[in-house]
Amino acid sequence: MKLLRLYDFLPSGNGYKIRLLLTQLGMPFERIELNILKGETRTPEFLSKNPNGKIPVLEIEPGKYLAESNAILVYLSEGTEFLPYDRFLRAQVLQWLCFEQYSLQPFIAKSRFWISILGKTEEYSEAINQNREPGYAALNLMDKHLTSHTFFVGERYTIADIALFAYTHVADQGGFDLTQFPAIQAWIERVKAQSRYISITQA
């Protein structure tokens with residue numbers, strides 16, 4: 001396989017998902033940092049790679065690009081221990097990937113972005129307050145699931161865990177209190193104990 005290139009923004013949970021999986025798979029890659037705060041994903045050059053103007057983007061080979069973090073996770077995990085072969089378990093992984101995109105990320109990730117990356121808590125206070133209830137609802141659902149499961153699917157570590165972990169473990173940076181979710185806290189420690197784990201701040 002040709003050397004993969006990951007177009008990334010270090011603080012991004014979506015980019016972190018890909019860095020974590022690639023590292024745990026032992027797949028070498030070149031990381032290209034793009035500062036979204038400076039409009040570096042809105043240039044004609046980058047838009048030719050992803051017309052949606054967002055990171056992460058994985059360059060699989062010259063001129064062949066894949067966007068959307070969870071689609072990239074599925075692509076990279078195909079045929080590995082990170083994506084179950086069983087049809088039902090695989091569908092459950094996809095179910096959690098959809099949950100992450102629609103029920104968790106819009107509330108946790110956006111609040112974190114406004115508070116900890118932009119540093120504009122007061123300016124976005126109304127939106128942050130609106131995100132609180134649905135964000136906590138998602139965390140509560142996850143916590144209930146984890147009270148009787150070691151990991152999210154099939155009692156083993158999969159890309160479902162990677163996708164959900166990315167923004168959940170830094171939810172406090174978006175103003176969410178994780179101390180009320182003991183099952184999530186225990187799961188976070190299990191994820192951190194996985195082989196070849198890297199933190200979100202590691203390039």
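Visitor: Is phenylalanine 151 buried or exposed?

Guide: This is a predicted model, and the values here are computed from it. Under 20% relative accessible area counts as buried. Phenylalanine 151 has a relative accessible area of 8%, so phenylalanine 151 is buried.

Visitor: What is the relative accessibility of tyrosine 157?

Guide: Tyrosine 157 also falls under the 20% cut-off. Tyrosine 157 counts as buried because its relative accessibility is 8%.

Visitor: How many aromatic pairs does a search of the whole structure find?

Guide: Ring pairs link residues including Tyr16, Trp96 and Phe99 into a cluster. The search of the whole structure gives a total of 12.

Visitor: Which kind of pair do the rings of tyrosine 136 and phenylalanine 176 form?

Guide: Their centres are 5.0 Å apart. Planes over 60 degrees apart count as edge-to-face. The planes here stand at 65 degrees, so the pair is edge-to-face.

Visitor: How far apart in sequence are the parts that this pair ties together?

Guide: Tyrosine 136 belongs to helix α5, residues 125–146. Phenylalanine 176 sits in the loop between α6 and α7, so the parts tied together are apart in sequence by 40 residues.

Visitor: What radius of gyration does the chain have?

Guide: The chain has 203 residues, and a compact globule with that number would have a radius of gyration near 17 Å. The value for the chain agrees with this: 17 Å.

Terms used:
Residues numbered from 1 in each chain as written. Predicted model: local features only at pLDDT ≥ 70, side-chain atom pairs only at ≥ 80, totals over all residues. Heavy atoms only, no water. Rg over C-alpha atoms; globule rule 2.2 N^0.38 Å. Phe/Tyr/Trp six-rings, centres within 6.5 Å; stacked < 30°, edge-to-face > 60°. Helix = DSSP H or I, 4+ residues; strand = E, 2+ residues; numbered from the N terminus. Buried < 20%, exposed > 50% of the residue type's maximum accessible area, 1.4 Å probe, protein only.
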